[in-house]
Amino acid sequence: MTAFKRQIMFCCRFTTAVLLLWLFFAGQTPVKQWSSIGIPWQTVDAGLSIAEIAGPYVSKVADSKVTVVKIDPAFYNFEFHLSTQYDSVQRTTREWCEFAGLTAAINAGMYSLEDHISGTGYLQNFSHINNPVFKENFNAMALFNPVDSNDKPFQIIDAVGEEWKTSVQKYHCALQSIRMIDATSAAVYWHKKPAIRCSMTVLAIDKMGNVLWLFVRSPYTANEFINFMLRSGLGIKSAMYLEGGPEASIYLKAGEKEIEKFGSYVSYSHPSNDNEESRKMPNVIGLRKKLR
């Protein structure tokens, strides 16, 4: 090995060591990154698996773990349950599951702080329109329950330009929110300053067509979580933000397996890990096992 090569190797090792020390003293101790074959999936039922993996880094708040629910659309149907279709009453994810007989539920995006029942972005469930307004800069659209059964059962498309309007017309259910990973599997970084750290729920699709629900209680920024998803080994094709803080929640009960997770921390508005109960919300995405 030449002296030049030894010098290059030393510089690389020194730079890596400095980065690791910086992350440690910044309270951002790196954690293990899983490969696709190393993710500890637990099969709950045919087409339904759960894993708990290390988050972007070791947070000073909560357990730094990300809960991932993987759903095969061949075995499960996705449903919106919107309070405006019923009695305008908010329910926890557990209560929505009990109310509608669902296997699982997660946030159907953010909701208006003015009326507490309308989605922040466009939200449609068959002929029922919860929010008819397409929100500017909400450039992700989740679509499911296709009009034509030959179309993909679940998609996340980029709501940029005019083509997405045609896609929306092909599906009975549509949810608009903020992109995290676009339809080409590229990061869509958020530029809001200062960056907000929060608990969060995220909706994603992997490259095999499985739908992923992700929950994390420890607070991370959107960009930290985007980078985490891209290198997590989950094989994520596209992803969109659902909810953050105490309202971020997920519930699942299938056979003997039951999980209930809810968030807490939001920079500036609720910088605390003290939330001890699942918040009520107006709208959820529900999961129902198909009859086979």
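**Strands, salt bridges and a pocket**

Analyst: In the hairpin of β13 and β14, which has four residues between the strands, G209 takes a positive phi near 90°. Strands here are DSSP runs of E, at least two residues, and helices are runs of H or I, at least four residues, numbered from the N terminus. This is a predicted model, so local features need pLDDT of at least 70 and side-chain atom pairs count only at pLDDT 80 or more, while totals for chains, interfaces and linings use all residues. Residues are numbered from 1 along each chain as its sequence is written, and side-chain values use heavy atoms, with hydrogens and water left out.

User: OK, which strands does β14 pair with, and in what sense?

Analyst: β13 and β14 pair in the antiparallel sense over seven bridges, with T201 having F215 in β14 as its bridge partner. β5 (residues 65-71) also pairs with β14 in the antiparallel sense, over six bridges, and there V68 stands opposite L214. Pairing means DSSP finds at least two bridges between two strands.

User: How many of the residues of β14 are buried?

Analyst: 10 of its 10 residues (211-220) are buried. Buried means under 20% relative accessible area, exposed over 50%, and partly exposed in between, using a 1.4 Å probe and protein chains only.

User: Switching to charges: how many salt bridges are there in the whole structure?

Analyst: The search finds 11 salt bridges, counting a side-chain nitrogen of Lys or Arg within 4 Å of a carboxyl oxygen of Asp or Glu. One of them joins the side chains of K65 and E52 at 3.8 Å, N to O. K65 lies in β5 and E52 in β3 (residues 48-54), so that pair ties together parts 13 residues apart in sequence.

User: What else does E52 form a salt bridge with?

Analyst: K261, with the closest N and O atoms 3.5 Å apart. This pair links distant parts of the chain, K261 in β17 and E52 in β3, 209 residues apart. K261 is partly exposed at 23%, E52 is partly exposed at 35%, and K65 is partly exposed at 40%.

User: And R197, where does its partner E224 lie?

Analyst: The side chains of R197 and E224 meet in a salt bridge at 2.6 Å, N to O. R197 lies in the loop between β12 and β13 and E224 in helix α4, so they tie together parts 27 residues apart in sequence. R197 is partly exposed, at 27%, whereas E224 is buried, at 15%.

User: Is Y268 buried or exposed?

Analyst: Y268 counts as exposed, at 58% relative accessibility.

User: Last topic: which residues are closest to the centre of the largest pocket?

Analyst: The largest pocket has a volume of about 730 Å³. Of the 24 residues that line this pocket, the closest to its centre are M110, I196, C198, Y241 and V266. On a 1 Å grid over the protein atoms alone, a pocket is an open set of points where a 1.4 Å probe fits, with protein on both sides within 12 Å along at least five of seven lines, and lining residues have an atom within 4 Å of a point. Grid points are joined across faces, edges and corners, and the volume is the space filled by probe spheres set on the points.

User: Which strand gives the largest share of the lining?

Analyst: β15, with three residues.
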